[in-house]
Amino acid sequence: MTTLPPAPVPGLPALAGLCSIPQATAPGLSVDHTVMRLKRLHAVARAAQRVLVARITDEPQYELKMLYSHHAWLLAELVTAIRGRVGEMREPPLGLEDPPPPALQLALDEIAASPDGTHLCAGLYTVLLPALDDACASLHADAHPLADAPTRYLLRHARLDLADLLAAGQQAAQALAAIAEPSTSWLEVVRTALAAAGGLDGTVADTVVCPTPRFSATPRPYDPVPRRDARFPDPYNMAVNAEAFIYDTSFPPEPKRLMLAYKRLREIDVPEMMASIITETEGKPWGYTRDMTRQLWDEARHAMMGEVLFADLGVDWPALVRVNFTWSLGLNTQIAALERHAVLYFIEQGLMPRHGKRYEWEVAQAAGSPLAINFQDYDWADEVLHARIGKQWYVSAMPSQTEALRAGDRAWSTVLMDYGAWQRDGLTQHENWWPALYADACRRLGWTHDPRVAAFNTSYAEQRADLKSVSHSG
Ligand SMILES: [Fe+2]
Ligand SMILES: [Fe+2]
């Protein structure tokens, strides 16, 4: 006896839910055409990622450093997705590193050469990236919903990120424009360059004459010297040795919450330093830039965790805490990019054993702060990824793991942190800000004032910031 096959169920979604049959009968773009448009989107996202990374170090505004770190990572993910999709459709060489058409290149060069955060944010978030989002939308509309479902999938998800990126970026552009208006004639140069390129994706046939270069007539070199805003009034101050306090088990755990917050917030110097490695290292495959940009973004998140920990404790950190930039300044201006990477790897290796991130998490637990426990938990987890990134992109370039570590230790020892000279030159008085911070917390939070804690007065004068075996940034 044969069983009859079941009758088709009416109302089941056609074409795997992608679209209706009539929608699918209209032909979409050819593979060639789609690849051409994707490559333009790729060139723009890549250029925007590059300029955001390059501006983290010398941008003084704290919020902008963090925003650039976040957006550089989002754009790196978009670049990765597009590269992957182009690689699925075409055999190598994919031509992803080929320069875009001259007019589009001019628009990208103008943004890269913009003189300050005001112009960078205006150019990027009100002209270039809105055009990128529009180009994603129109490629999504033109791609065949069935034949090119993977490209449409990519673009739909990319636009979720671009929507967030544009909302925050335009808020930043507006806030900056309220203080100093960006040049409208320059924004017009960027718009005209895009129009002369046939639109960002090359789909517009109008003939527009390419404008003459404005800012890009003089390219803006990467500036490795970190800058900070007025909330960092004493950036050479190395009076408070956070590690010496945290690792001293004779001190009670409660006030260590203040030092954990300080240590996290001080990590602003890691994106400032990693930006220099990424910007000044050439000839690496895209995976290097992608992974390093991810780590840079993680380090920015660690800094913001510090900001939130201070907020949770009600601490007015710009008034009471002196967050220095001596680490990023020293590394960026005294040693080469590969040596900086060596130092980063060396320090991060020191964070993995018992006396590292686990210890900080245990301190948070002993202090009984659910927020600090949560943050330290993720801070620790992030190191797992950072160790892998270090192995893949730094250790692999060295003869062995031992030599990789030795090189990091050596490079770190050559960085001159001239505590005394900075004081003699009047750059700082190394004021010990700890007693006032601690007294303020005791007063407001009802902590019992411990005279031994209040008297803590160990600076970085004698000890390298990692205490040889204890951590610094990373
Ligand atoms: Fe970190
Ligand atoms: Fe790290």
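Why is V453 buried? V453 has 21 other C-beta atoms within 10 Å, so it counts as buried; the term requires 20 or more other C-beta atoms within 10 Å of a residue's own, while 12 or fewer make a residue exposed and anything in between partly exposed, with C-beta atoms placed from the backbone. This is a predicted model, in which local features need pLDDT of at least 70 and side-chain atom pairs count only at pLDDT 80 or more, whereas totals for chains, interfaces and linings use all residues. Residues are numbered from 1 along each chain as its sequence is written, and chains are lettered from A and ligands numbered from 1 in the order in which they are written.

V453 lies in helix 20; helices here are DSSP runs of H or I with at least four residues, strands are runs of E with at least two, and both are numbered from the N terminus. Leaving aside neighbours within four places in sequence, V453 is in contact with F251, P252, P255 and Y438, contact meaning that the C-beta atoms of two residues, placed from the backbone, lie within 7 Å.

Some backbone geometry deserves a look. Most residues other than glycine have a negative phi, and most peptide bonds are trans. H430, in the loop between helix 18 (419–424) and helix 19, is not a glycine but has a positive phi of about 50 degrees. With 21 C-beta neighbours inside 10 Å, H430 counts as buried. A16 also has a positive phi, of about 60 degrees, and is placed in the segment before helix 1 (21–24). A16 has 8 C-beta neighbours inside 10 Å and therefore counts as exposed. P92 and P93 are joined by a cis peptide bond with omega of about 0 degrees, and P93 is in the loop between helix 3 and helix 4 (102–112).

At the level of the chain, the domain assignment, which is automatic or from a database, gives domain 1 (29–217) and domain 2 (242–454). Their centres, taken over C-alpha atoms, are separated by 33 Å. The contact takes 15 residues from domain 1 and 17 residues from domain 2. On the domain 1 side, helix 2 (31–56) and helix 3 (62–89) are the elements that give two or more residues, and helix 3 has the largest share, 10 residues.
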